[in-house]
Amino acid sequence: MFSYIIKRIVSLIPTLLVVSVAVFLITYLMPGGPATAMLGMEATKEELDALNEALGFNRPFLVQYFEWLGKMLKGDWGESLFLQQSVLSAIGQYFLPTLSLALLAELFALVFAIPFGILAAYKRGTTVDLALVTSTLFGIAVPGFLLGMFFMLFFGVKLQWLPVAGYVPLKDGLWNHLRYLILPALSLSTVQAALITRMTRSAVIDVLYLNYIRTARSKGLKERTVLLVHALKNAAPSVLTVVGQSFGTLITGAIVTETLFNIPGIGLLTINAINRRDIYVIQGVVLFVTLLYVGVNLTVDILYGIVDPRIQLGKK
Amino acid sequence: MTEEKKQAAAKEQSQAILEEQRRLRKEKFLSNPALIIGLVGMVIIVLAALILPAVSSVDPNEMKVLDRLKPPGAEHIFGTDEFGRDLFIRVMHGARVSICVGGAVTIFSSILGTMIGIYASYFKILDNILMRICDGLIAIPGVLLAVALMAALGASIWNVILALTVVYTPSIARVVRAGALVAREQVYVEAAKIQGASDFRILWKIILPSVVSSLTVQASFIFAQAIISEASLSFLGVGIPAPAASWGNILQASKQVLSKAPWTAIFPGAFVIISVLSLNLLGDGLRDFLDPRVKGGRKG
């Protein structure tokens with residue numbers, strides 16, 4: 001088990017190196033480079049040259065890259081050009097609302113997807129199955145922000161059940177916190193709910209016709225026990241993988257949803273950074289979210305190995 | 001039997017086989033509702049996008065202050081937006097932009113991804129380098145990478161295409177590489193090598209045809225994704241700059257007047273959903289249609 005984990009982590013190193021180059025390139029390729037971002041568009045050529053010289057932006061690419069990488073590894077992600085704080089502390093400050101939103105959305109997605117996925121698999125080929133599969137097709141095709149707009153209109157403006165937009169931190173009470181997150185989380189979760197429903201359905205169908213399920217049935221076990229304990233347990237690893245992948249999509253989907261619902265999370269931080277050309281923040285957010293995404297998927301892979309011992313035995 | 005008669009019989013037989021194949025293919029097509037619905041949906045949207053803006057004399061950017069936020073009716077079937085612009089014409093122009101951007105992204109990333117995938121499958125050293133780069137790019141969540149690239153490049157239609165091509169090329173490369181790896185183990189590739197075919201010929205004439213079907217399936221999903229991504233980027237204000245009409249732009253503008261004029265979001269939204277749905281169905285349908293193991297549209 002231990003060597004499996006080590007191997008997985010080592011195999012990530014080249015991927016992360018590529019990620020770091022890509023992220024560095026984002027600032028490097030920016031027309032005018034960081035100097036323009038700092039001085040603004042009106043800066044004269046002399047001013048730009050002077051700043052480039054002073055900060056070392058006119059040195060060769062590789063020299064700049066390795067210096068940057070060294071700093072990043074030491075935890076120095078640069079200073080925001082506008083927020084009067086370091087990039088890491090800005091991310092830390094804006095991350096909590098995004099995390100809350102993504103977790104709630106993941107929870108919603110699972111609450112809908114797992115039961116519906118099992119139901120569709122169990123009723124395979126019937127009208128119930130067809131209806132569920134058709135709704136997943138729609139779920140995947142609707143962009144989250146569009147759904148969010150209509151949720152806002154219907155539940156916020158017309159029915160006034162929930163606040164239209166805004167955010168209240170957790171310390172002001174759990175219900176207050178959640179009230180503001182329900183609509184954005186619902187609209188964010190739809191695509192994931194649809195994807196996880198489909199995955200659960202096909203994973204359960206794959207095991208439902210295997211011999212051990214027949215054995216369980218012929219032992220006289222209740223249908224519910226067969227489905228929920230025997231079938232779901234073996235379908236779990238593939239569902240788990242989709243859940244891991246969906247987390248990255250949720251965090252990025254949150255960028256759009258947060259802008260719509262005015263939630264002060266990573267998404268709003270990014271959009272504000274783009275409008276002000278605050279490049280170190282943009283760079284930091286991309287790197288942070290990618291590391292998070294890679295980390296979640298690594299955890300899922302390791303869990304996968306624990307849940308399903310065959311993974312480690314079958315060395316690839 | 002004379003030689004002539006033999007030939008005639010053989011010809012007849014091959015004719016019969018061809019006809020049988022054609023009949024089976026037709027049967028497989030007709031028993032595949034996803035493929036048919038997806039195809040019909042896309043054809044309608046593409047035709048509407050091509051024809052309607054061309055025959056209509058209404059300028060999509062013409063503002064009429066008196067006609068602000070008119071609900072759908074006889075004069076403006078989709079209503080008007082907050083500047084009094086005709087929404088129907090704008091949505092049709094938006095279809096042009098969104099389909100063109102989605103199509104361009106699909107074509108560019110298919111070409112690039114195929115080149116990367118096919119060379120990676122054939123040359124070991126390239127494989128290690130190219131696939132690690134793809135792994136790295138896939139590790140960065142797609143919309144975020146596109147947003148960051150747009151921030152660096154600046155908002156314009158070509159930059160949207162460029163950014164989304166960067167985002168989607170790696171997944172095409174992966175699919176093509178996987179298909180090509182299977183194909184190159186086949187006997188006919190071995191035979192071509194022994195006959196002295198060049199690497200170039202083997203890659204493009206012999207291996208490429210066997211990955212086309214999985215490429216097509218992947219490409220239709222990428223098309224759908226690209227439409228959603230373009231809409232998201234434009235909705236965030238980092239995509240195609242206003243006043244050009246794209247579905248994302250129209251939706252972004254409708255955000256301000258949503259409670260007064262929900263139709264400004266309903267119609268462009270419906271078009272996004274229908275086109276994405278059609279493309280996804282097309283992809284699902286093609287997967288079954290092009291898979292030789294699936295008979296008559298149902299998985300065996």
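Q: Why is B:I250 called buried?
A: In this predicted model, B:I250 has a relative accessible area of 5%, and since buried means under 20%, the residue qualifies as buried. B:I250 is found in helix α9 of chain B, and, leaving aside neighbours within four places in sequence, its contacts are B:L87, B:R90, B:V91, B:A245, B:T264 and B:P268.

Q: What makes B:E230 a charged residue without a salt bridge, and how far away is the nearest side chain of opposite charge?
A: B:E230, in helix α8 of chain B, is buried and has no salt bridge, the nearest side chain of opposite charge being that of B:R90 at 11 Å. Not counting residues up to four places away in sequence, B:E230 touches B:S98, B:V101, B:V160, B:L164, B:I240, B:S246 and B:G248.

Q: How do you know that B:D127 and B:R177 form a salt bridge?
A: Their closest N and O atoms are 2.7 Å apart, and the cut-off is 4 Å, so the pair counts as a salt bridge. The two residues belong to distant parts of the chain, with B:D127 in helix α4 and B:R177 in helix α6 of chain B, 50 residues apart.

Q: What makes B:D135 and B:R174 a link between separate parts of the chain?
A: Their side chains meet in a salt bridge at 2.7 Å, N to O. B:D135 lies in helix α4 and B:R174 in helix α6 of chain B, so the pair ties together parts that are 39 residues apart in sequence. B:D135 is buried, with a relative accessible area of 17%, whereas B:R174, at 39%, counts as partly exposed.

Q: Which residues are joined into one network by salt bridges that share partners?
A: Within helix α10 of chain B, B:R287 forms a salt bridge with B:D284, the closest N and O atoms being 2.9 Å apart, and these two residues are 3 residues apart, about one turn of the helix. B:D284 is buried at 14% relative accessible area, while B:R287 counts as partly exposed at 40%. Shared partners join A:R198, B:D284 and B:R287 into one network, for the side chains of B:D284 and A:R198 also meet in a salt bridge, 3.3 Å from N to O.

Q: How many salt bridges are counted between chain B and chain A, and what kinds of residue make up the side of chain B that touches chain A?
A: The count between the two chains is 1 salt bridge. Of the elements of chain B, α10 gives the most to the side that touches chain A, with 10 residues, and the residues of that side divide into 27 nonpolar, 6 polar and 4 charged. The two chains bury about 3,300 Å² between them, 86% of it on carbon and sulfur atoms.

Methods:
Residues are numbered from 1 along each chain as its sequence is written. Chains are lettered from A and ligands numbered from 1 in the order in which they are written. This is a predicted model: local features need pLDDT of at least 70, side-chain atom pairs count only at pLDDT 80 or more; totals for chains, interfaces and linings use all residues. Side-chain values use heavy atoms; hydrogens and water are left out. Buried area is the accessible area (1.4 Å probe) that two parts lose on being put together, summed over both. Helices (H or I, at least four residues) and strands (E, at least two) are DSSP runs, numbered from the N terminus. Ala, Val, Leu, Ile, Met, Phe, Trp, Tyr, Cys and Pro count as nonpolar, Asp, Glu, Lys and Arg as charged, and the others, Gly among them, as polar. Buried means under 20% relative accessible area, exposed over 50%, partly exposed in between (1.4 Å probe, protein chains only). Lys and Arg count as positive and Asp and Glu as negative; His and the chain ends are not counted. Contact means heavy atoms within 4.5 Å.
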